[in-house]
Amino acid sequence: PMGDAPAPELDAVLGGGGWDVGATFEGPPPPTAPIRLGKNACYVVLAVLFNEEDGVLLVQEAKPECRGRWYLPAGRMEPGESIAAAVRREVKEETGLECEPLTLLALEERGPAWIRFAFLARPTGGTLKTLEDADAESLQATWWPGDPRALPLRAPDILPLLALAARYRRSPPHPPTLPQELPCASLCLRLLVAFANDTGDLWVLLGTAGTPHLPVVAWGTSPTEPRGGLHLPVLQLLRDCFPPDPRPGPLGLLGLQHRAGGPGGADGICFNVLLSIPPSGPGAAPPEPCTPTLRWWRVQEEKLRGLILQRVQAAATVPIRS
């Protein structure tokens, strides 16, 4: 019955929305010190914009180490700034144009030490920066009509992002996904862990402490692993609760939650992620948790079941690159 499962939370998370992060965490407790930009975390934003002729907005760098080379508008978030506001500021400073983010294209991370949010955005005004406007932010900006590889690029890491943006414009693989303004003191992951067998049965993993909920695990709790990827706390939870190793599929991002100046001025983020555990054989049931803090809930409501299966089977999530 739906009464023993967090139906509103599932609907919100699957729709790219947010849900309050409670005080209950599965696995290791979150760190007591809040996450703060410039101290124990670094967030970077990047934007891909096209004009009506399919030219891509590129910036000529002014920094001494890469002066004269070209890149997408990008830069570090500042404390007290929302993710969307950081995108708008960086694009304005580096290109002279105003913009509006449309969707997250990819989440790239090397642990809390470096997390980059790549967005598809659209121009909404402003004047394109020329060499006469050169400053410490950039030398100039241009709508480049051809292959960016014809230019001296600051780094080739923007090429896969341009491919993702082109793919999204042709046929969006996931719904528009934008950050939700909800506070979070730490870095954590809300897990939608799905198990589906070959007969179409579907289960979702729930935390049992208090009201049934999607499990939440802390990330970056170990000071010795500032570059530990998003997958590490997920694997640790599954290994602790489902021996032997269940070997889950890849993580996909359903959405994320952040509010500038959260609890205690924290810059924490909750990443809502989707993953699946493959069945061990035909008609298999999910592995039994070895802890009472987790249990499986069988999804029988057809609309919800179909939505979860579609997201899993079509990989209809924002890709995470670790």
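This is a predicted model: local features need pLDDT of at least 70, side-chain atom pairs count only at pLDDT 80 or more; totals for chains, interfaces and linings use all residues.
# Reading the interface and the strands

User: What makes up domain 1 and domain 2?

Analyst: Domain 1 covers 7-35 + 185-319 and domain 2 covers 42-170; such bounds come from an automatic or database domain assignment. Taken over C-alpha atoms, the two centres are 31 Å apart.

User: How do you know which residues of domain 1 and domain 2 are in contact, and how many are there?

Analyst: Contact means heavy atoms within 4.5 Å. In domain 1, 19 residues are in contact with 18 residues of domain 2.

User: What area do domain 1 and domain 2 bury between them?

Analyst: About 1,400 Å², with 71% of it on carbon and sulfur atoms. Buried area is the accessible area (1.4 Å probe) that two parts lose on being put together, summed over both. On the side of domain 1 that touches domain 2, the elements giving two or more residues are strand 11 (252-257), strand 12 (269-276) and strand 14 (318-321). Strands here are DSSP runs of E with at least two residues, and helices are runs of H or I with at least four, numbered from the N terminus.

User: Why is Leu151 called buried?

Analyst: Buried means under 20% relative accessible area, exposed over 50%, and partly exposed in between (1.4 Å probe, protein chains only). Leu151 has 14% relative accessibility, so Leu151 counts as buried. Leu151 sits in the loop between strand 7 and helix 3 (158-170). Beyond its neighbours within four places in sequence, Leu151 is in contact with Leu58, Trp70 and Trp144.

User: What makes strand 2 mostly covered?

Analyst: Five of the five residues in strand 2 (residues 56-60) are buried. Val56, Leu58 and Gln60 point one way, and Leu57 and Val59 the other. In a regular strand the side chains alternate between the two faces of the sheet.

User: How do you know that strand 2 and strand 7 pair?

Analyst: Two strands pair if DSSP finds at least two bridges between them. Strand 2 and strand 7 (residues 140-144) have five bridges, in the antiparallel sense, and therefore meet the rule. Gln60 has Gln140 as its bridge partner in strand 7.

Key. Residues are numbered from 1 along each chain as its sequence is written. Side-chain values use heavy atoms; hydrogens and water are left out.
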